[in-house]
Amino acid sequence: MSSNPCLTCGACCASFRVDFDCSELESEGGRVPDGLAVPLTGRLVRMRGTDHVQPRCAALSGKVGERASCGIHEWRPSPCREFGERAPMGIGDDACARARARHGLAPI
């Protein structure tokens with residue numbers, strides 16, 4: 001596939017909680033900016049905005065389904081890296097389809 005639908009969709013970034021180990025934060029030697037995470041436990045943090053009633057990651061910019069992008073794509077945490085790994089090839093999965101449906105988008 002010539003274009004990656006993930007680079008314009010953003011539905012997953014506005015649908016799910018994103019929890020990850022604090023070792024992925026910049027202050028702990030990782031690459032995720034500390035200001036984009038909120039602490040949960042001694043070792044677990046969550047991307048800011050993903051625990052709202054209508055989740056939307058603080059790193060997401062643009063309009064979901066039209067022109068959305070991750071402001072820290074290169075430094076995003078592991079759950080984001082692992083989500084929809086086949087979507088760039090035009091192959092969606094159940095979680096991707098649920099996120100897209102939540103925003104009125106057809107599955108990929």
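Val 38 stands opposite Arg 46 of strand β3. This pair belongs to a predicted model. Strand β2 is joined to β3, residues 44-47, by 3 bridges, and the two run antiparallel.

**Three-stranded sheet**
- The sheet is open and built from 3 strands, in the order β1-β3-β2.
- Its pairing is antiparallel.
- β1 (19-21) and β2 (37-39) are the edge strands. Each has a single partner strand, so one side of each lacks a neighbour in the sheet.
- On average, neighbouring strands here are turned by 40° against each other, with direction ignored.

**Hairpin**
- Strands β4 (residues 60-63) and β5 (residues 67-70) run antiparallel and are joined by 4 bridges.
- Across this pairing, Ser 61 stands opposite Ser 69 in β5.
- The two strands form a hairpin, with 3 residues between β4 and β5.
- In the turn, Gly 65 has a positive phi of about 85°.

**Cysteines**
- The disulfide count is 0, taking sulfur pairs within 2.5 Å as the cut-off.
- Cys 22 is in no disulfide. Its nearest cysteine sulfur belongs to Cys 80 and is 16 Å away.
- Cys 22 is buried, because its relative accessible area of 10% falls under the 20% limit.
- For Cys 96, the closest cysteine sulfur is that of Cys 9, at 6.1 Å. That is too far for a bond, because a disulfide needs the sulfur atoms within 2.5 Å.
- Cys 96 is buried, with a relative accessible area of 10%.

Definitions and conventions. Residues are numbered from 1 along each chain as its sequence is written. This is a predicted model: local features need pLDDT of at least 70, side-chain atom pairs count only at pLDDT 80 or more; totals for chains, interfaces and linings use all residues. Side-chain values use heavy atoms; hydrogens and water are left out. Two strands pair if DSSP finds at least two bridges between them. Axes are lines fitted to C-alpha atoms, for helices over the stretch in contact, and angles run from 0 to 180 degrees between N-to-C directions. Buried means under 20% relative accessible area, exposed over 50%, partly exposed in between (1.4 Å probe, protein chains only).
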